[in-house]
Amino acid sequence: LDVDDDRVGTGLQAELEAKLRTPLPAGWWLEFEQRLGLGWVDGPTGQRAFTDRSAQSLAVLHLNARDSLRVIHQQTRFTRRADAGAGLAAENGIDRQLALMFQHRIGLSRIFSLGLNRASARPGRTGHRELFAKLTLGY
């Protein structure tokens, strides 16, 4: 499905996910998760109209039952072939996000988080950084 061009075409959508959790010395645990995604749609001429790729890596160091340190890296890349008939220009964009976060659990439904996010996007080379604190209360 090509939403921007308002048409349906042949293509592919696939995801691969792998997870690993292993004990470390001192009672710590390491959790690693990797996700890869790929999708594309062919145009009416049989050439690829667009391709969308994504990758996400998550590493969590569990210090104890309440405290953990997380690192998340995400990247997406979108490319589109120009289509004059549909009025669509060629695109080639890359978005990246990196986050580092400490979490402390207080009981079953309360979590305090402190972290840093960094994001960037091309074209245009825009980016931002943020430091955040978050309190999650479940009910």
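Predicted model: local features only at pLDDT ≥ 70, side-chain atom pairs only at ≥ 80, totals over all residues.
The strands of the model form an open sheet of seven members, in the order β1-β2-β3-β4-β5-β6-β7, and the pairing is antiparallel. Strand β1, spanning residues 11-23, and strand β7, spanning residues 126-137, stand at the edges of this sheet; each has a single partner strand, so one side of each is left without a neighbour in the sheet. On average, and with direction ignored, neighbouring strands of the sheet are turned by 10° against each other. Strands of a sheet pair through backbone hydrogen bonds, in either a parallel or an antiparallel manner.

A nonpolar patch on the surface is formed by Leu69, Val71, Leu98, Leu100, Phe102, Ile106, Phe112, Leu114, Leu116, Leu131, Leu135 and Leu137, which together have about 1,000 Å² of accessible area. Two or more residues of the patch are given by each of the elements β4 (67-80), β5 (91-105), β6 (110-122) and β7.

Side chains of opposite charge can pair when their charged atoms come close, and the structure holds five salt bridges. One of these joins Glu17 to Lys19, with the closest N and O atoms 3.5 Å apart; Lys19 counts as exposed at 60% relative accessibility, whereas Glu17, at 41%, counts as partly exposed. Glu17 also forms a salt bridge with Arg35, where the closest N and O atoms are likewise 3.5 Å apart. This second pair links distant parts of the chain, since Glu17 belongs to strand β1 and Arg35 to strand β2, 18 residues apart. Arg35 is itself partly exposed, with a relative accessible area of 32%.

A further salt bridge is formed between Glu91 and Arg80, whose closest N and O atoms are 3.9 Å apart. Because Glu91 lies in strand β5 and Arg80 in strand β4, this pair ties together parts that are eleven residues apart in sequence. The two partners fall into separate accessibility classes: Glu91 counts as partly exposed at 39% relative accessibility, while Arg80, at 5%, counts as buried. Elsewhere, salt bridges that share partners join Glu17, Lys19, Glu33 and Arg35 into one network.

Conventions. Residues numbered from 1 in each chain as written. Heavy atoms only, no water. Pairing = 2+ DSSP bridges. Helix = DSSP H or I, 4+ residues; strand = E, 2+ residues; numbered from the N terminus. Axes fitted to C-alpha atoms, helices over the stretch in contact; angles between N-to-C directions. Patch = residues over 30% accessible without salt bridge, like charges linked within 9 Å, V, L, I, M, F, W, Y side chains within 5 Å. Areas by Shrake-Rupley, 256 points an atom, 1.4 Å probe, with all protein chains shown as cover. Salt bridge = Lys/Arg side-chain N within 4 Å of Asp/Glu carboxyl O. Buried < 20%, exposed > 50% of the residue type's maximum accessible area, 1.4 Å probe, protein only.
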